[in-house]
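The text below goes through them one group at a time.

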Amino acid sequence: MSDPLEFPVDDLPWVDRPAAEIDRYIAERCSDVVDRELLRYQLLHWQAFGYVIVPGAVEPELIDALLGDVDEMLSDHRRYRTVVDSHRYPQKPMCEVDQATIDSHRADSAIEPIRILDFIHHSVAAKRISLHPAVTRVLEHALGDRVVAFQSLNFFYGSQQPIHQDFAYVPGRPRARLVASWVALEDIHPDSGPLVYIPGSHRLRKFDWADGPFKVPGTKRNEIEFEAHILREAERAGLQRQVFCPKKGDALLWHSALAHGGSPVADPKRTRKAYVTHYAPHRTHSVHVHATHKDADMIDYPGGLAMRHPLFPELDDVFRRAAPPVGSR
Ligand SMILES: O=C(O)CCC(=O)C(=O)O
C-alpha cells in the first residue's frame, strides 16, 4: 500500500520520479537551450537539494518599478481592496489599514509589519518579475510544463515564520508540483531576519497533521509541531540550515517540500523587502482560488502565465510602471 503521507508517484513532476534521468532530458528535450550545461547543473541541484539560486535574475529597474507600484498603492491606500496580512490585519483589505501603519511602511520604519497578498494581479512589474524567464526557466524544466503564477506575497520586513514546507498550506494542484520563487527587492542584511532554508529537506518524511500531510481546517496539530518535526528529521538526516543574504535581484527557487522560514530579526529597524510567487503547472492548475468552478482567464508572458482576477478584472495591471510604452512592440 502507498504511504498516506507521501505524494502519489503519479503526482510527482518527472524530475522527482525515482528513475529521472537529467542527462537524457537535456539531450533529448533541450536542443533549443543555449546554455545546456548551466540548465543541467541547475536541474541536478534542484533534484538533489530542492532549490536553485539564480544570481542577478531580475534587473534593478524592474524591481524599482515594483517598489514604485507598491508605494503608489500605499500613497492612496483607501482606494484599494488588495489584501494585506499581519497580526492586527489578518487577511484584511488594504483600505482598512490605519494611516500610521501605511506611513510607517512608506518611511521604512514600521513597528507592526504587514505583507501584501497577490499584488501580482494589480502590477505589471509584479507580473513581469513573477514570470521573468530567468526566474521561471528552471521551474518550467523541472515541472515539464509552463508555469501559472497563482499567488504572490510582498514582504517589507523579515517574516520570522517558523520553518515549514509550502505544500502543507498552499493549494497548488497537485501539491507535489507546487513551486516558488523568492526575489530580493534590496540587498538583504544578516540582521534583518533573512530567509533560512534546509538543502535536501524536500526528501524528508512528511509531517502528519493527524489527517495527513496537509493542514486542513480544524486540524489539532500546529505550526510549531510542524517545525519541530522538520528540524528533528533534518537533524537525523544530517541536513544543515542555510541563511540567504542575497543581493537585490537574486532569486531563490524552491520545491514544494523545501523546508524554509524567516530567521529571527536582530535589528527591527532593518527592512527585508522580498517578493514571493507560488506557481503550479499550467496543465494541472487552471482555476483561481476565488472562483474554483471554472477555468481562470490567463495572461500570457514569455516566462509563463498569470491569472486574471475573477472577481475584480478591472484591477488587473492598474499599476503600470513596467508596462511597455503604448505603440511599442
Ligand atoms: O520570506 C520569508 O520569510 C518566508 C516566505 C515564505 O515562507 C513563503 O512565502 O512561503
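Two strands count as paired if DSSP finds at least two bridges between them. Strands themselves are DSSP runs (E, at least two residues), numbered from the N terminus. The model is predicted, so local features need pLDDT of at least 70 and side-chain atom pairs count only at pLDDT 80 or more, while totals for chains, interfaces and linings use all residues. Residues are numbered from 1 along each chain as its sequence is written, and side-chain values use heavy atoms, with hydrogens and water left out.

Strand β6 covers residues 179-184.

Burial is the next point; a residue is buried under 20% relative accessible area, exposed over 50% and partly exposed in between (1.4 Å probe, protein chains only). In β6, 6 of 6 residues are buried. Both faces are covered: V179, S181 and V183 are buried on one side, and A180, W182 and A184 on the other.

A further group is an open sheet of 3 strands in the order β8-β7-β10, with antiparallel pairing. Its edge strands, β8 (242-244) and β10 (260-262), each pair on one side only. Neighbouring strands of this sheet are turned by 30 degrees against each other on average, direction ignored, where axes are lines fitted to C-alpha atoms. Strand β7 (residues 195-197) is joined to β10 by 3 bridges, and L195 stands opposite G262 of β10.

Conventions
Helices (H or I, at least four residues) and strands (E, at least two) are DSSP runs, numbered from the N terminus. Axes are lines fitted to C-alpha atoms, for helices over the stretch in contact, and angles run from 0 to 180 degrees between N-to-C directions.
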